[in-house]
Structure formats: structure tokens, C-alpha cells
Amino acid sequence: MSKLSTERLFLFDPYNEEHLNMLKDFEIRNDIIPKMSEQIEKLHSSVSKETYLLEKKEKNEIEENLFLEKEAKIIDMCHLHVEKDIRLGHINMAPVKTKERVRKLIPYVNNYAFNTLNVEEIFIETSQEDKSLQSYLDSEGYESLGEQEGKIIYLKEKEELRDVSSIVHSMK
């Protein structure tokens, strides 16, 4: 009997050694300069977890790294930057070698940002060469805002679900 492999979404915990090891492996597999893992190691060694969590709670800006894990490996990752006061989010996708596959992480990050962090608008930057991601964003209702500094900027606004019963009632 074969065991089904599942993809799971995680918030990256800089104090979790397993997450850090998976990140280092992800950087190697995708030829990414290990800048992020080095920054996390520096944070881990200079700031206590309690201080980190307290500062994170008090700041206006939220900085999160989210990843999809499958079979104990990170298969996709992004950085989410949120400004709480103006309810804006910015997603930066990690560069991955296999550009042709759909970035399954995006809808999960949108859901987290819109429904948990109460963001109203999300921006995603993509390189001009990443036609696969551009096509995906177009098909998912993102609005292309054009090019800025060599990157193409996309916008997605939170969709308010209407209460169907109130619409029907107002039509009577």
C-alpha cells in the first residue's frame, strides 16, 4: 500500500532547527545564495525567542516567511510583508528552479493575509522572464500594474463576500 504524500503550509519559525535545516536544503536545491538562512542564524543567536515574539507582536509591520512542505522538504517559499495600519501586503516569491509548475503557495498566502492578518490589498512582484507566474496571476484575477524597476507588479484586492439573503431581501 503506497503512502500518499501531502503538502502542508507552515509559517517559518526561526527558532525551529528543523525549519532552518529545510531552508538550507531548499537554498542548495534552488541555487539560492544562503542569505536568508544566514540572517536567521544571526537572529537566532542574537535575540531570544521571547524578545522576538514580543517585538513581532508590537510592531506595525509583520514580516513572515511561509513555505509549503512535502516529504520533509520545502517545495516553495515566499516572504510576506504586511503593514497593519494601512492593511497592505507584499509577497515576494522565492526563486525556484522549476518555473513551469504552478506556485501552489500563493492562494494559501492570500487566504492567510486576507483572512488572518486582515489585509485589504496584496502586491506580488515578478520578474519579466517568469511568464508562468505572470500567466497564473492573470488567470487568478490579479491586476497587472505594469513594470517598475525591471519587475512586473500585480495587485489583488480582498473580495468581500456578499450576504445573498440580504441582496434577495433588498430586491423585494
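Reply: Let's start with Lys104, which pairs with Glu7 in a salt bridge, their closest N and O atoms 3.2 Å apart. By salt bridge I mean a side-chain nitrogen of Lys or Arg within 4 Å of a carboxyl oxygen of Asp or Glu. This pair links distant parts of the chain, 97 residues apart: Lys104 is in the loop between β4 (88-93) and α4 (105-116), while Glu7 belongs to strand β1 (residues 7-11). Helices (H or I, at least four residues) and strands (E, at least two) are DSSP runs, numbered from the N terminus. It's a predicted model, so local features need pLDDT of at least 70 and side-chain atom pairs count only at pLDDT 80 or more, though totals for chains, interfaces and linings use all residues. Residues are numbered from 1 along each chain as its sequence is written, and side-chain values use heavy atoms, with hydrogens and water left out.

The cut-offs: buried is under 20% relative accessible area, exposed is over 50%, and partly exposed is in between (1.4 Å probe, protein chains only).

Strand β1 also holds Arg8, whose side chain meets that of Glu69 in a salt bridge (3.0 Å, N to O). Glu69 lies in strand β2 (residues 61-70), so this pair ties together parts 61 residues apart in sequence. Here Arg8 is partly exposed at 44%, but Glu69 is buried at 7%.

Then there's Lys156 with Glu159, closest N and O atoms 3.7 Å apart. Lys156 counts as buried at 12%, whereas Glu159 is exposed at 60%. Searching the whole structure turns up nine salt bridges.
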